[in-house]
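Biologist: Please take a close look at one part of this model for me. I would like to follow the aromatic pairs and the strands around them.

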Amino acid sequence: MQFLTGLLLAATAVEAHYTFPRLVVNGKPEEKDWSVTRMTKNAQSKQGIENPTSADIRCYTSQTAANVATVPAGSTIHYVSTQQINHPGPVQYYLAKVPAGSSAKTFDGSGAVWFKIGTAMPTMDANKQLVWPGQNTYETIKATIPANTPDGEYLLRVEQIALHMAMQANKAQFYLACSQIQITGGGSGTPGPLVALPGAYKSNDPGILVNLNVIQADAYKPPGPAVWSG
């Protein structure tokens, strides 16, 4: 009986966690899981990252992907989730331009190269509860690749920060993935501010160490730089 109970608890824990193995561009998903999205270390366990200063906060990858997706500037993107995104918290998107002479298939995303292109803010419902866009669905909220993004190869990073236990230090959970993309038809914008991952987040940032039971929706401050919209 104890063995069966343990199995049920383990299954419940996995169901509460998720990965984002498939990028969707303008409604069209990548051919199969992990084909342009880099397989993450938690592909089986589904466990999130709790230390925002860990090197895993960048892409959490166990390997690079075989392909690079073509993404026209101005495209709408989102990710398919393996389980329901049931934890409260924001979804954020970042891009990092691959340096000249390198490739999206090999670039590790190191250095101050990341800029944010999207973030989700909560609202307050009639019961005074915070409501997060995309919560309890099987896909992340949509974002747009800014039309003025320069052409080239990039890493595209998605993260959902689960804040249900974030009133304790290092108990927020980061679920994330990076995809290898080539942006076409872009502009001559200057994306920024540029940040490094790790480096952009601290464990005590107000968007990471936060008690959702005591804040108003407009008081939440997502971690990381301001959004660059082009």
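Modeller: Keep in mind that this is a predicted model. Start with the sheet. Five strands form an open sheet, in the order S3-S11-S10-S5-S6. The pairing is mixed. Strand S3 (69–72) and strand S6 (114–119) are the edge strands, and each pairs on one side only. On average, neighbouring strands of this sheet are turned by 40° against each other, direction ignored.

Now look at S10 and S11. Strand S10 covers residues 152–162, and strand S11 covers residues 173–184. They run antiparallel, joined by 11 bridges. Arginine 157 stands opposite cysteine 178 in S11.

The structure holds seven aromatic pairs. One of them is formed by tyrosine 18 and tyrosine 175. Their centres are 4.3 Å apart, with 40° between the planes, and the pair is tilted. Tyrosine 175 sits in strand S11. Tyrosine 18 sits in the loop between helix H1 (2–15) and strand S1 (22–25), 157 residues apart from its partner. Tyrosine 18 counts as buried because its relative accessibility is 0%. Tyrosine 175 is buried too, with a relative accessible area of 0%. Ring pairs link Tyr18, Phe20 and Tyr175 into a cluster.

Another pair joins tryptophan 132 and tyrosine 220. Their ring centres are 5.2 Å apart and their planes stand at 85°, so this pair is edge-to-face. Tryptophan 132 lies in the loop between strand S8 (130–131) and strand S9 (143–144). Tyrosine 220 lies in the segment after S11, so the pair ties together parts 88 residues apart in sequence. Tryptophan 132 is buried at 3% relative accessible area, and tyrosine 220 is buried at 2%.

How values were computed. Residues numbered from 1 in each chain as written. Predicted model: local features only at pLDDT ≥ 70, side-chain atom pairs only at ≥ 80, totals over all residues. Heavy atoms only, no water. Pairing = 2+ DSSP bridges. Helix = DSSP H or I, 4+ residues; strand = E, 2+ residues; numbered from the N terminus. Axes fitted to C-alpha atoms, helices over the stretch in contact; angles between N-to-C directions. Phe/Tyr/Trp six-rings, centres within 6.5 Å; stacked < 30°, edge-to-face > 60°. Buried < 20%, exposed > 50% of the residue type's maximum accessible area, 1.4 Å probe, protein only.
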